[in-house]
Amino acid sequence: MHNSDATGIDDFDRRILALFQHDTRRSAESMGAAVGLSAAAVQRRLKRLREHGVIEAEVAKLAPQALGAAVTLIVTVDIERETAAELEAFKRRMLACVEVQQCYYVTGAADFILVVLTPDMDSYQRFTERTLLSDGNVRSFTTHVALERVKTGVAVPIAARN
């Protein structure tokens, strides 16, 4: 069960990551018991995975409604000029917007898909005026209002290597 792939991640690493990504506060002892390693071995592996960028960040998942971000909107954006500079400028602006929870550069009918969180529709209207309507390179955008957050997360499917 210790097959190492080209990235240097073996099945023990995969099993640790599968546990860790769902609960970063889980103890090394508990993970070690679950995967058949010592707590020290788990800690060494987690340190290496952090250093190699496999673990990008350890963050808290917050409840948007409890913090006043009651409205979730999925926005598709069509860009007028798709030069590298124009695309990078749009990406930088989205990175700077606190309302934008996620931003994807995609293929298909739209150029970008945004997940936006706002307290209410008035706040969303101000967001669109400030970031989309004022951008001469945004050809159009379409907004979908989420009625319910059925599933959210950033967990990566992790399967053992065969």
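**Helix packing, a salt bridge and a pocket**

Modeller: In this predicted model, helices α1 and α3 are roughly perpendicular to each other.

Biologist: Why are α1 and α3 called roughly perpendicular?

Modeller: The angle between helix α1 (residues 11–20) and helix α3 (residues 39–51) is about 85°, and their axes are 11 Å apart. Angles of 65 to 115 degrees count as roughly perpendicular, so the term applies to this pair.

Biologist: Which residues make the contact?

Modeller: From α1 come Phe12, Asp13, Ile16, Leu17 and Phe20, and from α3 come Val42, Arg45, Leu46, Arg48, Leu49 and Arg50. By class, the residues of this contact are 7 nonpolar, no polar and 4 charged.

Biologist: What makes aspartate 13 and arginine 48 a salt bridge?

Modeller: The closest N and O atoms of aspartate 13 and arginine 48 are 2.7 Å apart. The rule asks for a side-chain nitrogen of Lys or Arg within 4 Å of a carboxyl oxygen of Asp or Glu, so the pair qualifies. It links distant parts of the chain, with aspartate 13 in helix α1 and arginine 48 in helix α3, 35 residues apart. By this rule the count comes to 11 salt bridges.

Biologist: What lines the largest pocket, and which residues lie nearest its centre?

Modeller: The largest pocket has a volume of about 1,600 Å³. Its lining consists of 44 residues, with Gln21, Val59, Gly153, Val154 and Ala155 nearest the centre. At least two lining residues come from each of α1, β1 (71–79), β2 (100–105) and β3 (112–118).

Biologist: How do the residues of that lining divide?

Modeller: The lining of the largest pocket holds 24 nonpolar, 11 polar and 9 charged residues.

Technical notes
Residues are numbered from 1 along each chain as its sequence is written. This is a predicted model: local features need pLDDT of at least 70, side-chain atom pairs count only at pLDDT 80 or more; totals for chains, interfaces and linings use all residues. Side-chain values use heavy atoms; hydrogens and water are left out. Axes are lines fitted to C-alpha atoms, for helices over the stretch in contact, and angles run from 0 to 180 degrees between N-to-C directions. Helices (H or I, at least four residues) and strands (E, at least two) are DSSP runs, numbered from the N terminus. Angles under 35 degrees count as roughly parallel, over 145 as roughly antiparallel, 65 to 115 as roughly perpendicular and the rest as oblique. Contact means heavy atoms within 4.5 Å. Ala, Val, Leu, Ile, Met, Phe, Trp, Tyr, Cys and Pro count as nonpolar, Asp, Glu, Lys and Arg as charged, and the others, Gly among them, as polar. On a 1 Å grid over the protein atoms alone, a cavity is a set of points where a 1.4 Å probe fits but cannot get out, and a pocket is an open set with protein on both sides within 12 Å along at least five of seven lines; lining residues have an atom within 4 Å of a point. Grid points are joined across faces, edges and corners, and a volume is the space filled by probe spheres set on the points.
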